[in-house]
Amino acid sequence: MLSKREKDLIKEIWERLTPVAAEIGADALLRMFASYPGTKTYFSHLDISPNSSHLLAHGKKIVLAIAEGAQDISQLTVTLAPLQTLHAYQLRIDPRNFKLLSHSMLVSLACYLGDEFTPVAHAAMDKYLSAFAAVLAEKYR
Amino acid sequence: MVAWTDFERVTIKDIFSKIDYEVVGPAAISRCLIVYPWTQRYFAGFGNLYNAAAITSNPKVAAHGKVVMQGLEKAVKNMDNIKATFTELSTLHSEKLQVDPDNFMLLGDCLAIVVAAQLGKDFSPEVHAAFQKFLAVVVSSLRRQYY
């Protein structure tokens with residue numbers, strides 16, 4: 001459950017990160033690939049080496065989708081409908097992996113924001129990313 | 001036996017030499033209690049855990065953070081036998097403290113985030129991965145004595 005204050009905080013953080021979406025997204029993906037090598041199996045069609053254009057483009061896509069969801073969290077199911085279909089029927093990524101990317105994303109945020117990534121912000125962000133992942137997996141079965 | 005690469009050994013020792021136990025330990029425990037509030041069930045005797053501010057300034061929480069760091073340091077000093085190093089601690093957490101072992105990684109994740117915030121760019125994906133592996137070994141060792 002997200003309070004109004006938490007929703008505002010989440011929206012504000014992602015608005016700030018939108019200009020560096022590619023950098024944050026690529027960083028999160030790299031961390032996930034390094035810590036959880038099984039996740040690389042979903043990316044055999046891309047060049048996922050550091051600084052590759054594929055990695056930056058893909059990272060940017062992911063962060064922008066997360067940022068868009070943050071604009072109006074109460075409408076997540078509507079906003080994410082196309083991505084739900086994509087993940088359920090085409091990508092079919094095991095939803096357990098969503099947690100791994102979420103954790104990697106939180107670490108990226110911690111590196112980027114340092115002390116500004118307060119415990120309260122961290123809690124709010126963890127809750128938001130969990131909700132995001134849950135909505136993304138809704139059409140799986 | 002865990003196989004550590006030279007990079008991983010050096011990296012783990014390096015991380016622990018750079019972080020301030022007095023800051024990182026308390027910060028990680030507080031974060032765990034704030035981000036995953038159900039973990040507070042194990043700290044009923046700690047007094048005021050009512051909100052984030054109370055948790056962050058709670059002296060018992062801070063003291064416990066340092067205890068955790070001292071435990072982790074033992075693992076850093078015995079990287080080739082973390083399993084044996086934590087046998088007693090595992091029994092303690094299982095039989096006396098009765099902590100659900102699924103919670104161990106929650107603290108581990110918070111520790112990774114606190115270290116990341118401290119080290120910034122130095123906490124590269126490769127360094128981070130070595131740290132996650134270390135945490136996984138610690139957690140696995142703490143789980144061993146649960147029956």
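**Entry 1: two helices.** I noted at the start that this is a predicted model. I looked up helix α1 (residues 4-17) and helix α6 (residues 96-113), both of chain A, and found that their axes come within 13 Å and cross at roughly 70°. An angle of 65 to 115 degrees counts as roughly perpendicular, so I wrote down α1(A) and α6(A) as roughly perpendicular to each other.

Which residues meet there? From α1(A) I listed A:I13, A:W14, A:R16 and A:L17, and across from them A:M105, A:L109, A:Y112 and A:L113 in α6(A). Sorted by class, this contact has seven nonpolar residues, one charged and no polar ones.

**Entry 2: the cores.** Next I checked the largest nonpolar core, which has 81 residues. Among those with the most contacts inside it are A:W14, A:M125, B:F16 and B:F123. A friendly reminder to myself: in soluble globular proteins, nonpolar side chains tend to be buried together.

I followed up B:F123, leaving aside its neighbours within four places in sequence. Its contacts include A:R31, A:V107 and A:C111 in chain A, and B:I15, B:H128 and B:F131 in chain B. I also found a second, separate core of 15 residues, with B:L33 and B:I55 among them.

**Entry 3: where the chains touch.** How many residues does each chain give to the contact? I read off 19 from chain B and 20 from chain A. Together the two chains bury about 1,600 Å², with 64% of it on carbon and sulfur atoms. On the chain B side, B:R31, B:I113 and B:P125 lose the most area to chain A, together 32% of what that side buries.

Note on methods. Residues numbered from 1 in each chain as written. Chains lettered and ligands numbered in written order. Predicted model: local features only at pLDDT ≥ 70, side-chain atom pairs only at ≥ 80, totals over all residues. Heavy atoms only, no water. Axes fitted to C-alpha atoms, helices over the stretch in contact; angles between N-to-C directions. Helix = DSSP H or I, 4+ residues; strand = E, 2+ residues; numbered from the N terminus. Parallel < 35°, antiparallel > 145°, perpendicular 65-115°, else oblique. Contact = heavy atoms within 4.5 Å. Nonpolar A, V, L, I, M, F, W, Y, C, P; charged D, E, K, R; others polar. Core = buried A, V, L, I, M, F, W, Y, C linked by side-chain atoms within 4.5 Å. Buried < 20%, exposed > 50% of the residue type's maximum accessible area, 1.4 Å probe, protein only. Buried area = accessible area lost by both parts, 1.4 Å probe.
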